[in-house]
Amino acid sequence: MDGRDFVREFSGGQIQYVLMNLPASATEFLDVFVGLHSVEKVSQCPIKVFCYHFAHVDSPEESTLEAVKEVLGAEPENPFVHLVRKTAPKTWMTCIEFVVPHSVLRGENQTKRTKTE
C-alpha cells in the first residue's frame, strides 16, 4: 500500500504522530496532509510530523523549512530543524518536526497542487 493511501485510509482522526524517514523523498509525501480532514475533525486532531530531508546547501535549516513550506503551501506550526549528520561536504541530513496547520488539513489557501494518485 502506498504511504499516501495508508494515511488517507487510516487517518480518521486517529493519527497524532507521523515519522517520515526517507530523507531523499519524504518531503514529497507531505502533500497527503493537504485537505486530509473535514472542518469538524481538524480542531480535535493536531498532527505532529517528524520528516527527514537532505539539504544540499550552506544553510540546511532554512532549506529544510522551505522544502516543507513548498509542499504544504503554508508555514508549518512550531517548526524545529534538527541537524542529524553531515552526509557529504555540502549535504546535511536534517529532521524537521512541526505541527500540520489546520488550514492545511482543511485544504485552505494552498499554493501547490497536490498529488492525487
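Colleague: Does Pro-46 count as buried, partly exposed or exposed, and at what relative accessibility?
Modeller: This is a predicted model. Buried means under 20% relative accessible area, and exposed means over 50%. Pro-46 falls in between, because its relative accessibility is 43%. Pro-46 therefore counts as partly exposed, at 43%.

Colleague: Where is Pro-46 placed, and which residue 53 places away in sequence is 6.7 Å from it, C-alpha to C-alpha?
Modeller: Pro-46 sits in the loop between helix H2 (39-42) and E2. Beyond four places in sequence, Pro-46 is in contact with Ile-15, Gln-16 and Val-99. The residue 53 places away, at 6.7 Å between C-alpha atoms, is Val-99.

Colleague: Which element gives the largest share of the largest nonpolar core?
Modeller: This core has 24 residues, and Ile-47 is among those with the most contacts inside it. E1 (17-20), E2 (48-55), H3 (60-72), E4 (91-99) and H4 (102-105) each supply at least two of its residues. The largest share, four residues, comes from H3.

Colleague: Which strands stand at the edges of the open sheet?
Modeller: The sheet has four strands in the order E1-E2-E4-E3, with mixed pairing. Each edge strand has a single partner, so one side of each is left without a neighbour in the sheet. The edge strands are E1 and E3 (77-88).

Colleague: What angle does the direction of H3 make with that of E4?
Modeller: H3 packs on the sheet. There, H3 touches E2, E3 and E4. Its direction makes an angle with that of E4 of about 50°.

Terms used
Residues numbered from 1 in each chain as written. Predicted model: local features only at pLDDT ≥ 70, side-chain atom pairs only at ≥ 80, totals over all residues. Heavy atoms only, no water. Core = buried A, V, L, I, M, F, W, Y, C linked by side-chain atoms within 4.5 Å. Buried < 20%, exposed > 50% of the residue type's maximum accessible area, 1.4 Å probe, protein only. Contact = heavy atoms within 4.5 Å. Pairing = 2+ DSSP bridges. Axes fitted to C-alpha atoms, helices over the stretch in contact; angles between N-to-C directions.
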